[in-house]
Structures are given as structure tokens and as C-alpha cells.
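Thank you for making the time this morning. I would like to walk you through one structure, starting with how its elements are named and then moving from the whole chain to a few individual residues.

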Amino acid sequence: MGQLLDIKQGVCEISSKLQQGNLIFFTGSAISQFHPSAIPTGRRLKAALISGLFDSLSDTRVKSLVKQRVGLRRISSLPFELAMERIHECLSTYFFSIFHFMNDRDCNSVHLALARLLRFTSSRTILTTNFDCLLESALKRLHNQPIVQHNELRKISNYKVFKLHGSIDDFSSISATLASVGRGMPRHISRRLSQLLSTHDICFIGYSGSDIDLMPFIKTCAKRRIFWLLQSKRELVHINDFIRELNPCYITGDLRSFVLKLQHTILKSRAVEQPKSSSLPYTQLHLSKWWKISVPLRMRLYVLALLYKQCAMWHQSGEVFAAIERSLPPIKSMKSRLMRASLYGKWADVEYRRRRLKAADNLWDRGLQSIKGVRGRTAQLFRGHLLNDMGAAYYKRGMFSDAQRYLLQAKDIGDSCSSKLYKDNIPELRGNNFDNLGLVAYATGSLDEAESHFQKAICEFTKSGNVVMKAVSTIGLVMVYTRQGRNEAIQQAENAWNIIEAFGTLEQRAVTACDRGWIYYYCGNIDQAILWFKCAITYAVKSREPLIATEASTQTISLTRQRFPFSNTERDFLRGIALKSRVNRQA
């Protein structure tokens, strides 16, 4: 564990670095929770959104289907960024009306103190993940200068506010941030941020450290000393692995007290008059009324279905999708056809994961039928995604000829769709398509063909900026290389796994851990193969993936018999996983 400082020691350390210009602040949502700003933290905003969503369904029969208490608890455990991404995906423009309450809020004593610290020290930049514009307002009030906006930068005189997650004065920046969740930092932001992290000490205040994209990037790029403010020593027990890996110097104490004492120390050394501060508490946010007034019922149900899907609550998600279908209007326009295609595609994925294979096939067919005869690139894009999902499902069932047929149809659509409007979506579709074609070719023994497909998938994911899927395809390519006897590519698999472990879903970790087991098996390193197959079992059980659990547990039993004396307990445990997974697979 890193060094532990109290507030007095922390203020002394930070003030000297600020005056030398060697330190910059990194702020999170907790700095805006105090009066008169009274903006809830990310955790409270997420809790208010989700509880408000459940409360807004109180007058419908859907509430009896969704098991409110279990669903509320499971969905509330989602990371803030993932929950916001799912809600934004469903609500689109409705989503941004949530943030209107921030427009009439005023900066508090913490914002003003941070602005004075920039003014009276050699530090000129502050980093923040907040959507609000209160830091800019505080700087503008002190300097009486206009705010100059340039992408993620806000300049007031010679001072800069670097907004990593976007801002409410530019909703497109928030939209871009949410669309890139799980894909790593955007290139234009990562370039500037890496320069700051490598040349300055960083002091984190009011920040949770749970950002799945930002924290691994900070770990990679931070070269100087890191300070992290905690409310009390008890928080040391609950800090996440992202923060532990940074090994920061912890400062324990109240956030407001720390910033105001730091301001007092700096201003006292410069003989500047001390400002007065307010100490009123923050206010709670209730959003059930917002859901009822702003968002139609069908859209609310769609949000709920996707949140359940994100939490692997397949039964509840399927029930809500069924309720949405009953409320759909008759097919009269292209918009209604596309709406049905999107619904059936996501619903089919849920039914497939519930091992209701006939129901999933039927839903995919209905999705294709709903846009049959519809012209235009949008309909083509929906059709391509449906065919690609069907091909991936048939591959997992071992029906390789059917999988290849659907995937080649999706490939033809990806080749024919070219438009500036879909410059982000087409590489994503083509990348997924080539990755699945590579898996089918690998499974049928066509290694040269698989190598070509995986290389094309990596190129497409590079264009779309999806670093996780690029890493997944890289591991597939390394599997091909090891089958061909080219073991020098194992280091590529190690680098790809680091990305998947940081950004990937549990399912992606399970698949790639199993693939790494096969890589070491083909290299002749049985000990490492066993370790990776066991790792795959752990992730497969957590993500409820019986096919991967069956493959990994069966292979673990086979290899362990060859290498080690096998305990009865461990053998029975692995056999139980394999048997249970086979039953789920056949159901």
C-alpha cells in the first residue's frame, strides 16, 4: 500500500508542488455535490435514474414480471459508464434532458477554491470528468474573461479545463464519450492526456476511480507521483483494483476541508484576503417524474430490457421484450419496420442465451422478414447485423456450414454499404463479420483462410477504434499462428489479454482465456494451458456461458490427468461443471 498522509501533511506536500507548477488536479463528480451546486455524484445520479425508472412502471402489469427488488439491486451494481451507455442507446435525444437541471446551478466554494489555486500558483491546467460547467464558471468569475471552447478544452485567459467525458454545453461530446465505453480512450484525448500525465504529478479529488477506460490508461501513462484523496481511512478497505495498481500516496480527510485549507495555505503565503464559504449540504435528485413526463412507456421498457440484458438476467429481459412486442404499433412505415428489426435482433440474442434455440431462430427470421423488401442503407445495416448474429450463433452450435452461409451474406452487405453516414458502423459490422468467418475457418481446419479473415478483422476494428474486439481478433490470429508452428507470436496474445482484462466483458474474458489455453496447449506448455483453462472456467461460470465452461472443464480434466495427481474433490467439481453445462446446452 502507498504512503498515508493526513490533511495537514497532504496540504503541505501539495502546496509546495503547486507553487512549483509540478502538479495538476484531477477532479470527479464529488466536488459539485456541495451547496449551491448540489449536483449528485455519478453513483447517486445512476441510483436516481434506475430507481426512477422502476417507480415510473408502477401502473403497468410489467412491474409484476420484472422482480423489482432483485432487478434494482443487480442493475445498480453496473458501472456508471455502462449504465449510462445503455440508457443513452435507448433514449438518444431524450437522454440529454436529464442534464438540464445542471444549467441553473452555481459554482460552490470548492470550485472557487480550485480556481484561486490555479490563479495564485504556477499550475495552469485542471482535468475533470464532470459534465457540468462550474469549474469554467468559477474561473470566469475570477478573471472576467470569456470561455473559449475547443473540443474537450475550455480556456479562460491562460487557464485550461480539460473535460475528459464531454460537457453539457456540447451534447455531442457526451454522446461520443458514451459511444466509446469499453473501447479505450479516443485518440485525440489520449494524446493530450498522456503528455500531461508523463510530465506532472497528479492529485485526484472527488473521483471514484471506477472508469473502465480511463484508469488503465492512467496506469500506463502516469510517470510521476500520484496523490489520491479519501474521505476517511475506512475507504482504504473498499478502494478498487484500478486505484491499488497505481500505488498512490493516500490523503485522508474531508474533501471540502482539504481544498479550503490548501487555498488558505497558498493565499496566506501571498497575503491575499481569505474568501468566505458556505457549508450547506447537497440535495437529493428524484427522477421518477422525469421518466413519466419525458420518456414514452415503450422506450422505458426498452431501457429496462437492455439493462437486464447487461446484467445477464436473461429471463427478466425476455419477459420485458415480450411486453414491448405486444405494445408495438402495426407495420405501416419504414421506421416501424426498423424498430421491429432492432427489437427482434436483441430479443433473439437473449433467447439464445436462455438456450431457447428455436425461439431465437424464429425471432431472427421475424427480424429479417420485418425489413424484407425495404431499401436503403439503414435497412441493409440492420440486415447485416442480424445475419452476422445468426452466423455467430450457428458457429457456437457447431453448425459450421450454416454459419458460413449467413456470415457470407452479411459480408456481401458490408461490402456493398459505403456511406459517410455509417463510417463508424460499417467497419464495426465488417470487423465482427471477418472475426466470425475466421473462427469458422479455424474450426474447419482452413488455417490460411482463417489467418486472412482475422487480419482483415483487425484492420476493420482499427478503423472503428474498438480496441477490445481488435484484441479478441489478435488472439484468434495467434491461435492460427501456433497451429502453424509459429510460436513467436505468443507475446501478441499477452498484450491483447491485458487490454481484454481491462476493458472486456466477462464473456470476452472467458472466450479469450480459453483461446489462450489452446495456444499454450499447441505450444506444448501444458502447465500454462491448464492455468488458462481454469481461468476460462471462472469467467464462464460468472458470465453464464455453458459452452465455454464445458470446453474448458473437459480439457482441464484431460490435461491434469496427464500432468498431476488429481484430487477427487477437484475432479468432481470440474465434472459437475461440464455435466451441468452440457445439460444447459442441450435444453
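Predicted model: local features only at pLDDT ≥ 70, side-chain atom pairs only at ≥ 80, totals over all residues.

Is R355 buried or exposed? Its relative accessible area is 10%, and because the cut-off for buried is under 20%, R355 counts as buried.

A38 also has a positive phi, here of about 50°, without being a glycine. A38 is placed in the loop between β2 and α2, and with a relative accessible area of 6% it is buried. The loop between β2 (23-27) and α2 (42-55) also holds P36, and the peptide bond that joins H35 to P36 is cis, with an omega of about 5°.

Now to the protein as a whole. It has 26 helices and nine strands, and of its 587 residues, 55% are buried. If we take the contacts with a separation of 6 or more, 69% of them come from residues 24 or more positions apart.

As a general point, nonpolar side chains in soluble globular proteins tend to be buried together. In this model the largest nonpolar core has 160 residues, and those with the most contacts inside it are I14, F25, L114, F258 and W291. Which residues does I14 touch, once we leave aside its neighbours within four places in sequence? They are L23, F25, C203, F227, I251, F258 and L262. There is also a second, separate core, which has 27 residues and includes I189, L197, F217 and I239.

Turning to a pair of helices, α14 runs over residues 314-327 and α15 over residues 334-353, and they pack with their axes 9 Å apart at an angle of about 150°. Because angles over 145 degrees count as roughly antiparallel, that is how we describe α14 and α15 relative to each other. Their crossing is left-handed. On the α14 side the residues involved are W314, S317, G318, F321, A322, I324 and E325, and these meet L343, Y344, K346, W347, V350, E351 and R353 of α15. Sorted by class, this contact has eight nonpolar, two polar and four charged residues.

Where I212 and G504 are concerned, 292 residues separate them in sequence, while their C-alpha atoms are 9.2 Å apart in space.

N158, in the loop between β5 (153-156) and β6 (159-163), has a relative accessibility of 59% and therefore counts as exposed. The C-alpha atom of N158 is separated by 9.0 Å from that of T125, a residue 33 positions away along the chain.

Terms used. Residues numbered from 1 in each chain as written. Heavy atoms only, no water. Helix = DSSP H or I, 4+ residues; strand = E, 2+ residues; numbered from the N terminus. Buried < 20%, exposed > 50% of the residue type's maximum accessible area, 1.4 Å probe, protein only. Axes fitted to C-alpha atoms, helices over the stretch in contact; angles between N-to-C directions. Parallel < 35°, antiparallel > 145°, perpendicular 65-115°, else oblique. Left-handed = near helix turned anticlockwise from the far one by under 90°. Contact = heavy atoms within 4.5 Å. Nonpolar A, V, L, I, M, F, W, Y, C, P; charged D, E, K, R; others polar. Core = buried A, V, L, I, M, F, W, Y, C linked by side-chain atoms within 4.5 Å.
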